[in-house]
Structures are given as C-alpha cells and as structure tokens.
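Here are my notes on the structure you sent over.

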Amino acid sequence: MNVFMPNTLAEACDLCAKQPDLIPLAGATDLLVHWPLRQSEHDKSYLDLSKLRELRKITWAADSLTLGALTTYWDVLQDSRAKSEFPLLCESARQVGAIQIQSRGTWAGNIANGSPAADGVPVLMAYDASVTLTSKSGARSVPLHEYYTGYRKSVRRTDELISTITMPLRKYDFSVFHKVGARRAQAITKIGLAVTREASAAAPWRVVANSVAATVKRCPAIEQLLQSASPIRKPDDFSSAIAADVTPIDDIRSTADYRRTVLARLLYHSLNGVCPSVT
Amino acid sequence: MQEHFIPSPIHDRSAAVSIRFNLNGRDVDIPIDPTERLLDTLRYRLKLPGSKEGCGEGECGACTVIIDDLPANACLIPTFQVRGCKVRTIESIPASSLQPMLEAGATQCGACTPGVVVTANWIKEHSDVLASNTMRALMAGNLCRCTGYDGIIDGLEKWIGKPPGGRS
Amino acid sequence: MQRLEGLSKLSGAERYLDDEPLEGTLKGCLWGMTVRSPASRGKIRQISYGSDFDWSHFVVVEPRDIPGPNETYLIENDQPVLAPGYVRHMHEAVALVAHEDRNLLRRAVASIQVEIDPDPPVLDFRIAPRPDQIQRGTDNIIKRLQIKKGDVHAAFANAYKIVEGEYETGAQEHVYIENNAMSAWMEEGPNGDVVVVRGSMQCPYYVLNALKHALQRDETRVRVIQAPTGGGFGGKEDYPSTIALHCALLALKARRPVKIIYDRSEDMAATPKRHPSLVRHKTAVAKDGRLLAQHIEVILDGGAYVTLSPVVLSRGIIHAAGPYFCENVLIESKAVLTNCVPYGAFRGFGAPQTIFACERQMDRIAHAVGLEPVEVRRINLLRDGQTTSTQQIVSGGTDRHALLDSAVRASDYDKHKRESEAFNKTHPYLRRGIGVATVLHGAGFTGNGEVYLNSKVDVGGRSDGKIEVLAASTEMGQGTNTAFTAIAAEAAGLNATDIVIGVPDTFRVPNSGPTVASRTVMVVGKLIERAIDDLAVQLGQNGKPLRGSALKAAISDWHKKNPGKELKGRATYAPPPNVKFDDKNYVGDAYATYAWGVCIAHVEVDLRTAAIRVLDFTAMQDIGKVINPVLAKGQVQGGVVQAIGWALSEEFKFKDGGMLNNTLTNYIIPTSDDVPPIRVIFHETPYPFGGGGAKGVGELPMDGPAPAILSAVAHATGADAKAIPLTPEKLLSLLPQNC
C-alpha cells in the first residue's frame with residue numbers, strides 16, 4: 001500500500017494530477033470497514049487529506065455557509081449558528097452512526113463516497129448546496145443535485161478533489177428531515193427524506209430522497225405536485241409522483257414496497273397542514 | 001498438500017511509515033505498516049490490548065478511543081492518520097475511578113466494556129453535552145449484549161454524580 | 001458483593017485470548033483460519049489452492065489429518081470436524097490453514113477455491129422434502145417427541161370456542177461481543193505429549209470429550225482450559241468443540257502453538273443460531289375463558305446436523321403449554337433436518353419459541369371469548385397442586401396470581417391502557433398499546449438430565465486456610481465466579497476473601513456439568529455447599545462440621561500435619577427427593593423446579609414507518625432466592641433486551657441456507673437508544689434444593705418479552721402479528737393502507 005500524506009491542498013492536487021488512481025481519504029469511516037478482510041484493497045494507493053488544515057473550516061459569509069471538505073458531522077453540531085440557520089444539517093448529523101462516527105466522518109467524504117444511502121447528502125441537497133471541485137488546473141462549482149451521474153458515479157474527475165461545500169443563506173419557512181433506519185442509532189438509512197420550502201420563491205419546494213434510487217436524488221415530480229394545487233388527501237396520492245422520481249429496490253435492508261409506502265406516508269404526514277394542498 | 005510444514009521468516013512489512021503521536025500523555029514515535037489500523041497498532045504493536053475488536057466495522061464501539069478529545073472507533077482509523085494527534089485509550093483511565101460503574105453492574109462479560117468506559121468517561125468529562133443529548137443517545141455507539149444497558153446508564157449517572165433516574 | 005473481576009473488566013485489564021501476547025506457551029504461534037463451503041449441499045469436487053502462494057510455508061489440514069473419527073462428539077456424532085468430501089451447509093468447515101503472518105494467511109485462504117457438485121438442498125423446514133432432498137432416514141426428521149395428557153379430542157367436542165393459530169419465530173444470532181477465540185499447543189506429560197487447548201467457551205468438558213474422540217487420546221493427553229470468555233448466551237456451548245478441534249489439528253500438524261480468532265463476519269456465518277420454529281395451536285375454550293384442551297404442534301428447523309436439536313425440542317415442548325392448567329393436552333413435535341447453518345443452544349433453548357406461540361394464542365383466546373388479556377391468564381394460571389402438561393404436580397409455594405397482580409400494579413397497566421386508548425383517538429400517526437405475557441422456565445437439565453450428568457464439585461482446602469472452588473462451570477459474564485464465591489463463603493461461614501475460584505482446567509477441576517440451562521447457581525451452587533459440608537465434616541469431630549474461623553484454622557493445621565498433600569471436600573449430584581420423570585412417555589417431573597415470570601410491555605407504533613418502540617417494560621420474576629441483586633437484575637435486563645431484539649429487529653436473512661447479513665451493520669441488535677430502562681422486580685420464593693435457595697435466572701428473561709410486545713402492538717394497532725421478528729416491513733403489511 002502506498003499512502004501520500006500532503007500538507008496543503010496544492011500538494012494534494014499535484015499528487016492527484018500525477019496519479020489518477022489515488023483514492024482520496026478523509027475520515028476513513030467507509031474505507032476501513034472490514035479492512036482486514038479486504039486485502040486486495042491494501043494494494044492500492046491512497047491520498048490522505050486528513051491534515052489539510054485549510055479544509056477544516058466552517059465559514060459564514062453574508063449570503064452563504066461554506067463547509068471545508070474536512071468538516072465533520074460533529075463540527076457542524078458544535079456550530080452555534082448551524083442549528084438556527086440550517087437545522088436539518090444538525091438533525092442529520094445527529095443521526096449519522098453514533099458519536100464515534102460523527103467525530104470522524106466528513107460531509108465531503110459522504111458526498112464523494114457516493115452511497116445512495118448517504119446520510120449527509122439529502123439535507124445538503126435540500127439546502128441547494130454546491131460542491132467546489134479543485135484541481136491543479138483550477139476550481140469549478142457544481143450544484144450538488146447535478147453531482148451524481150449514476151450509482152457511485154459522479155462528475156468529479158480523478159484529478160479533482162472536493163474542497164468545499166457551499167449553501168446559500170436563505171429564508172426557509174418549512175424544513176423537515178426523516179431518516180428511517182432499522183434502529184435509532186448506528187443505522188444505515190432505509191429511506192431518507194429532506195424537504196425545504198423557501199420563503200417567497202417562485203419554485204419554493206425542494207424534496208430530496210435517499211436509499212430509493214441509485215443516487216441520493218432530488219424529486220422534481222413530487223416538487224411539482226406540491227406546487228400544483230391538486231389536492232392530496234392520503235399518502236397514496238403521492239404514489240404516481242414517487243414512481244416518477246425514484247426506483248426503490250429490495251435489498252438486504254428493506255423492500256421496494258416498504259420504501260415506496262413509507263416515503264408516501266412521511267411526505268403526507270410531514271406536509272399535512274404545511275402544504276395547502278395536503279389535507 | 002504438503003506433509004511437512006517449513007517455517008518461513010516473518011513477513012515484516014512494517015517500517016514503511018514512521019509516525020509520531022501522543023498516547024496517553026506520552027509521545028511515541030514508531031514505524032508502522034501503512035495498512036495498519038489504529039486498533040492493531042495499539043493492541044499488537046504497542047501492547048495495549050484494552051481496546052477490543054468486536055466487529056471491525058465501526059458498529060460495536062468496543063474499540064472506542066479518544067482522538068483529539070473526541071470518541072472514535074480505532075478499527076476505522078488508519079494509524080497514519082493519528083500523526084500529531086493526542087490519543088487516549090482505556091489504559092489512561094484508572095481502575096480506582098470506576099467504582100460507581102462497578103456498583104451499578106455496568107460490566108458483565110467485559111468485552112464491550114473498555115469501549116463503554118472510554119465513551120462514558122468522555123461524557124463525564126464533557127457533561128455539557130448532556131444539555132442537548134440523552135445519555136442513551138450518546139452511548140448508542142457502544143453495543144452491549146449482556147447488560148441491556150441499564151447497568152451502564154445507571155453507572156454513568158452515578159459516576160457523573162447525577163441523582164439516579166428514580167427507577168426501582 | 002461486587003462482581004469479582006468487575007474492575008479488571010472495566011479498566012480494560014482483563015485479558016481475553018486475543019489480548020495475550022504471543023509469548024510463553026504461545027511463543028512461535030501461528031494464526032489459523034478455516035476454509036469454508038460456498039454451497040449448501042453437495043460433493044466436494046476439488047479444493048484448489050491459489051497458485052500465487054508457496055504452500056510449503058503454510059500448514060494445511062484436511063480430513064485425512066484427523067487421527068480419530070472425523071466426528072464432533074455430541075448427542076449424535078454426525079457432524080464432521082471437517083467436511084469429508086461432502087458439504088451439508090454453507091460455510092461448513094472444509095479445510096484449515098495456518099501461517100505466522102495473519103495478513104498473508106488471509107490472502108492465501110481467499111485464494112482457495114472449493115468446488116462443489118451441488119445436490120438439491122432443503123432450505124425451508126416447513127415444506128415436506130422431495131425424495132432427492134432426503135438425507136436422513138426416510139423423512140429428514142431428526143427427532144419426534146410427544147406429550148399427552150387427558151383426551152383433547154373429547155374436549156374439542158364440548159368446547160364453547162375453538163381457537164386456532166399458527167406462529168413462527170426466526171433464527172437468532174447470539175452476538176456475544178467477544179468473537180470465538182481458541183488456542184492450542186503441545187506439552188509433555190507423563191503419558192506422552194499432551195494437546196492443550198485454551199479458549200473462549202462455556203463447557204470445558206464438552207470440548208474435552210470432543211478432543212478425546214476425534215484425536216483418539218485419553219484425558220491424560222488432552223487438556224482444556226477456559227480463557228476469560230466475553231459472552232456466550234449458549235453460543236459457546238457446543239461450537240467451541242469444533243474450533244478447539246480445528247486449532248488442535250493445526251497445532252498437532254505444525255508442532256507449534258496455533259491461535260484461531262474469528263472475525264465477526266465469520267463468527268456470524270459459521271456458528272450455530274437459535275432454532276427457527278413453527279408452532280400450531282388449536283385450543284378448546286370454555287365460555288368463562290378456561291382452557292379445556294390444548295393441541296399443539298411444534299416444528300423446529302434442525303439445521304444441517306443433529307447438534308443439540310433433540311434436547312432443544314424437548315425443552316420446547318415441555319414449555320409449549322405455558323404456565324397454565326389444562327386437563328387435556330396433546331403436544332406433537334419434530335425437529336427437521338435442513339441444509340441451513342446448524343442451530344444450537346441459545347438462551348431459553350427452545351422455550352422462548354414455544355412460549356411465544358402459547359402467549360400469542362392466549363391473547364387470541366382472550367379476544368375470542370371477550371376477556372382482557374390479563375384476565376384470561378388469571379383464569380388459567382397454574383396453582384400449586386395442579387398439574388402441568390407432563391402431569392407434574394406444581395409445588396414450591398410461588399403464588400403466580402399474586403405475581404401477575406403485582407406486575408399489573410407495578411407497571412401501571414390499567415392507567416397505561418386507558419391513556420393509550422385516549423391517545424390513539426387523537427394522534428394522527430402514533431399508536432400506543434400495552435401487552436402482557438406470563439411465563440415459566442424449567443431450571444436445570446430436563447427430566448433425568450441432571451441425574452445422567454452426575455455432576456461433581458471439589459473444594460480444596462489450601463495451606464493458607466482459604467477454600468478453592470474447583471468446578472468446570474464457567475464465568476462468561478453472567479457472574480458465576482461472584483455467585484459461587486458468595487455461596488461458598490456463606491456455606492463455610494467465611495469472608496468472600498477466603499474463597500478462591502479455580503480456573504476451569506480439566507487437569508484440575510472435576511466435571512460439574514456444562515454452564516447452560518440456568519443450572520449453575522441452582523445445581524452447581526448446591527454442590528459447592530455440599531462439598532464444603534464434606535470438607536467441614538472431615539475436619540470436624542464426630543461428624544460435626546466446622547464453620548468460620550475454626551474451619552479456616554483447621555484447614556491450615558491439616559496442611560501443617562500433611563505437607564504437600566491435597567485436602568479436598570467433594571460432592572456429587574443427588575436429585576431432590578420425589579422427582580421422577582418418565583423420559584420415554586414424557587410424564588412426570590420434567591424439571592425439579594420452575595422459575596416464573598410476568599412481562600408487561602408498553603409500546604408505541606409509528607404508523608408512518610411501522611416502527612415499534614418499547615416505551616416501558618416491567619419484568620416480574622420469581623427466581624427463588626436472589627443471591628446477588630445487581631447481578632441478577634443485570635441478567636434480567638440483558639435477557640429482556642436480547643429478547644426485544646429477537647422480537648423486533650434481529651432478522652436473520654438467509655441465502656442458500658447461510659447467513660446473508662453476517663455483519664453488525666446488517667444484523668440489527670438494539671442500542672442503548674432503542675430500549676427503555678427495564679424495570680425488574682423479584683418475587684423471592686426460596687428453593688430449598690438450589691444453591692443459596694436460588695432457582696435459575698439466566699433464561700427466564702428471554703421468554704416473555706416477544707409475546708408481551710406483540711400483544712402490545714396488537715392493542716395499539718389491531719395488527720394480529722403471529723411471527724417474529726416483527727420488522728417494520730412485516731408490520732406494514734398488517735396495517736391498513738394509507739396510514
């Protein structure tokens with residue numbers, strides 16, 4: 001195993017440019033699962049980002065919040081403004097694994113790992129986050145809902161690293177996050193849902209679901225349904241929009257049917273009385 | 001297959017990386033194999049086997065250690081990542097302080113116990129976290145199969161000095 | 001008295017096998033690993049060893065390296081030590097490999113391909129096998145047992161109502177936090193070399209017998225020592241024999257020490273589980289709710305080998321009729337061979353499965369006759385003088401009706417019930433409910449089992465005057481050593497500091513029987529009392545036993561007069577008077593005594609997700625005299641939480657009869673945040689033939705929670721669930737659409 005241990009982002013980008021097979025490593029909470037059994041992965045090359053101090057910053061600007069790529073769940077839970085401005089970040093952070101994972105796992109690592117069950121990604125997406133990808137040749141910003149191109153696939157090139165995550169500071173008059181796992185802590189998401197409604201916007205709803213498609217996914221059909229005035233009187237009234245947006249499967253953790261049904265119920269009960277057409 | 005076993009030399013793949021960190025208040029500077037997990041470094045290289053391996057997947061918390069003042073699973077940490085860090089293990093907690101946990105029945109088989117005690121001790125040292133988290137939520141990263149958790153929670157309450165929850 | 005080894009465990013100083021440095025007896029130690037079957041049934045065509053490795057540097061053991069019969073000694077010796085050319089379940093051990101570099105070993109083992117010519121496996125015990133699936137006798141049945149009392153058929157003719165139901169329980173994994181760990185090395189002894197095995201285990205003499213049999217050595221040439229054991233729950237009852245054999249075979253071939261430490265996924269995939277069950281009830285009920293006849297059919301998935309299935313079935317059927325009086329009972333049962341991972345001992349040993357069915361049936365009987373669930377139990381609970389299904393006359397003085405009443409009071413049953421019903425009328429998606437279960441658990445081995453075991457305990461008087469307890473009963477977290485110390489100190493009239501507990505080592509301790517069946521404190525504890533009596537009488541005059549400081553002084557004096565000699569008191573099991581069981585017809589005293597319990601669960605169901613949360617739990621337990629309140633309470637709380645997991649989340653997912661979800665990420669045991677504080681109340685009815693007046697405590701807590709919780713879910717939602725684990729996915733299908 002080769003491991004490169006840069007001290008600056010520039011060094012890290014140089015290394016990435018030279019060696020496209022480098023696997024970036026932040027909190028390592030995904031990589032090291034059952035590590036002794038995964039001997040073939042011991043032969044790969046890794047890029048340890050954990051000491052890039054410049055990436056471990058939470059920056060509040062006048063119109064945005066920027067999380068450096070090494071920001072952990074615990075860091076956000078300790079930030080006094082996060083709870084009032086971006087409450088869903090705290091709600092999701094609190095439900096990631098348990099404190100031992102919250103202290104090491106990073107938001108950017110959660111994005112980069114690309115699991116459809118990623119706990120941190122739905123709320124970031126619901127807050128309209130964008131990701132800065134930095135390489136030797138510069139930086140570009142990608143809206144998070146356009147980041148994934150398929151199951152564990154993304155627009156990130158091998159010479160790029162996620163350097164920051166930025167969310168616009170906006171007024172939301174409604175937001176909700178649900179994580180449905182097999183237990184209250186230390187659970188992998190069976191169905192996740194994050195919904196925000198931006199105050200005084202033309203298209204106010206953002207609905208994001210996870211563990212119901214190949215990627216964490218924004219749900220345009222559900223968003224449109226909420227925006228339209230068509231009445232929703234029961235959970236099943238979400239069914240066709242859900243079918244248009246997501247493709248849940250049966251797997252080791254749950255069933256497609258459960259995922260669809262519960263997503264509808266969570267939408268219905270969360271929005272009942274909030275969205276005027278849901279009663 | 002062969003009838004006679006020919007011993008081979010130990011494959012020492014170590015010494016590829018040299019790292020320095022602070023362990024239980026003392027600086028250590030050691031060569032490690034880059035594939036080594038912190039848990040293995042502690043248990044097999046530094047002969048501190050108090051941290052246990054229950055699952056190797058970051059679920060059970062039996063390997064909980066404190067890194068830069070936060071609990072973490074040593075089975076999920078490549079040792080090279082703790083360079084420059086302060087690492088505290090169960091071995092840094094004196095047995096003499098653990099009487100309240102003992103009296104409440106916080107340990108039975110003992111396999112999860114060191115991890116439980118490390119997390120509990122961290123909660124005790126940062127009891128302000130209890131303003132926004134329940135003890136049961138904070139302890140949820142430490143799976144125990146013997147106690148049903150009451151002994152642990154009662155013990156931690158006693159240890160912190162909080163009056164017990166009023167349950168008979 | 002505080003747990004003896006408690007501070008050592010809390011401070012991380014306790015040394016489990018994997019914690020020990022490879023020094024001393026483990027100097028030059030190799031790591032051992034197991035090559036396993038990738039299929040559930042078939043002929044092994046070939047084992048191909050990866051070409052990237054120089055295999056002359058590895059120790060490899062195949063069946064032909066086994067000196068004696070390729071059999072794991074247990075009830076029937078049908079389970080091979082290594083599959084002899086034919087596999088019968090996924091992950092069955094096929095070959096063994098050892099090397100001193102653990103990572104290289106992992107790579108080498110991963111390179112080994114086991115090729116199987118498949119035969120059709122049996123993967124569903126509920127379906128009758130096809131001819132090409134028959135692997136035992138003519139019908140794959142491992143064991144049939146029956147209990148018959150009165151005449152059920154006549155009673156059905158006169159019933160006010162007949163209630164029928166079919167209930168299922170799933171496999172359960174123990175999840176002791178210390179994975180299986182074993183070491184073996186060679187020593188020289190007076191009769192030649194000795195294979196020494198030391199590891200994590202419940203039953204050193206089971207391991208000894210297995211080694212004697214397959215290695216063809218007598219007990220002077222095999223030695224078994226228990227290492228500190230991080231949890232068992234039955235999971236380290238029989239399987240350590242297999243791992244010990246594997247380790248010993250590698251050590252014999254390598255002539256070097258060998259250590260086998262399972263990782264979690266191997267431990268979960270390869271070791272035995274709780275038997276899945278299907279139980280059918282047909283009950284004749286009188287208008288007033290009395291049980292007139294119980295016709296019960298019990299089917300257990302016996303797994304790929306016999307292991308302990310016959311005795312699990314036996315305990316299962318004896319508990320199947322519950323703690324109720326019924327004049328006419330017919331229980332028919334069988335354990336069926338399948339090609340699933342072998343099932344073995346797990347806390348409760350068949351009883352939780354049949355009690356689950358019985359208690360769910362009682363709720364449905366209550367519904368059928370319009371009675372409250374507590375009432376139907378009150379009407380039918382056994383009273384002293386009445387008989388169980390095996391016609392055992394219940395005695396012992398426990399007032400089960402008082403037990404039920406005090407559980408109802410302590411749990412605020414009526415108030416919770418009222419408040420839940422009011423809450424459910426107003427809340428959009430949360431539903432609360434309360435449920436009850438009344439249970440019994442036979443303490444010690446079934447029937448004449450204790451007589452056949454013929455357990456022995458020695459106590460040694462040491463030259464410093466202290467008394468050493470020598471028993472093969474093991475500490476695995478349940479508190480054996482602490483309880484034995486308390487019992488011995490009380491019997492000798494000495495302080496706890498004057499008692500020493502000897503390490504279970506078959507060269508030093510007699511066979512006090514396996515550490516199972518909630519028998520340790522009750523049966524072995526009593527033997528300790530009697531062995532101390534024996535010692536005290538030996539040292540006293542004219543048959544008058546010495547106690548206290550006089551005993552201690554006499555022990556020291558004896559050693560001064562007999563330097564270098566051993567002073568021992570001994571005891572061998574003697575059954576309590578008038579306990580008789582006909583184990584052919586299953587009539588009589590199935591157990592010397594029973595522990596009794598009442599469980600009350602208060603739950604909340606989220607209709608959106610069908611997730612069930614236990615809000616409050618009361619366990620009222622009569623376990624005889626409580627020897628150590630902290631330890632006993634811990635046993636109950638831990639058992640209840642283990643049962644909550646079995647009831648709600650611990651779903652064993654099968655693929656080709658093997659465990660698909662063999663990780664702690666995907667096999668869901670409860671965390672501290674998933675369970676409420678467990679309220680434990682003891683009702684103490686001392687049992688004169690148990691150590692310190694105790695009955696068994698270990699298993700009773702496993703029996704009641706699952707049915708009590710499902711009863712509460714039924715009250716909350718109307719969902720009449722008949723199978724566990726009741727995962728949200730399963731409950732969802734029982735709830736109305738559009739919740």
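1. Accessible areas here come from the Shrake-Rupley method with a 1.4 Å probe. On that basis chain B exposes about 5,800 Å², and 53% of this surface belongs to carbon and sulfur atoms. Keep in mind throughout that this is a predicted model.

2. Staying with chain B: of its 168 residues, 65% are buried. Its secondary structure amounts to 5 helices and 5 strands, and the order along the sequence is β-β-α-β-β-β-α-α-α-α. If you take the chain B contacts between residues at least 6 apart in sequence, 54% of them join residues at least 24 apart.

3. Next, how chain B meets chain A. The two chains bury about 2,700 Å² between them, with 58% of that on carbon and sulfur atoms. Chain A puts 28 residues into the contact and chain B puts in 36 residues. How many salt bridges are there between chain A and chain B? The count is 2. One to look up in your viewer is the pair A:Arg183 and B:Glu59, whose side chains meet in a salt bridge at 2.7 Å, N to O.

4. On to chain C, which is split into domain 1 (6-119 + 180-261), domain 2 (277-446 + 585-732) and domain 3 (455-572).

5. For domain 2 and domain 3 of chain C, the C-alpha centres lie 36 Å apart. The contact draws 21 residues from domain 2 of chain C and 16 residues from domain 3 of chain C. About 1,200 Å² is buried between these two domains, 66% of it from carbon and sulfur atoms. On the domain 2 side, C:Phe445, C:Ile627 and C:Gly691 lose the most area to domain 3, together 31% of what that side buries. As for salt bridges across this interface of chain C, the rule finds 0.

6. Last, a sheet in chain C. Here 3 strands form an open sheet in the order E4-E2-E6, with antiparallel pairing. Why does one side of E4 and of E6 lack a neighbour in the sheet? Strand E4 (86-87) and strand E6 (113-118) of chain C stand at the edges and have a single partner strand each, so one side of each is left without a neighbour there. Strand E2 (residues 42-48) of chain C is joined to E6 by 6 bridges, the two running antiparallel. Within that pairing, C:Ile44 stands opposite C:Ile116 of E6.

Conventions
Residues are numbered from 1 along each chain as its sequence is written. Chains are lettered from A and ligands numbered from 1 in the order in which they are written. This is a predicted model: local features need pLDDT of at least 70, side-chain atom pairs count only at pLDDT 80 or more; totals for chains, interfaces and linings use all residues. Side-chain values use heavy atoms; hydrogens and water are left out. Two strands pair if DSSP finds at least two bridges between them. Helices (H or I, at least four residues) and strands (E, at least two) are DSSP runs, numbered from the N terminus. Buried means under 20% relative accessible area, exposed over 50%, partly exposed in between (1.4 Å probe, protein chains only). Contact means heavy atoms within 4.5 Å. Domain bounds come from an automatic or database domain assignment. Buried area is the accessible area (1.4 Å probe) that two parts lose on being put together, summed over both. A salt bridge is a side-chain nitrogen of Lys or Arg within 4 Å of a carboxyl oxygen of Asp or Glu.
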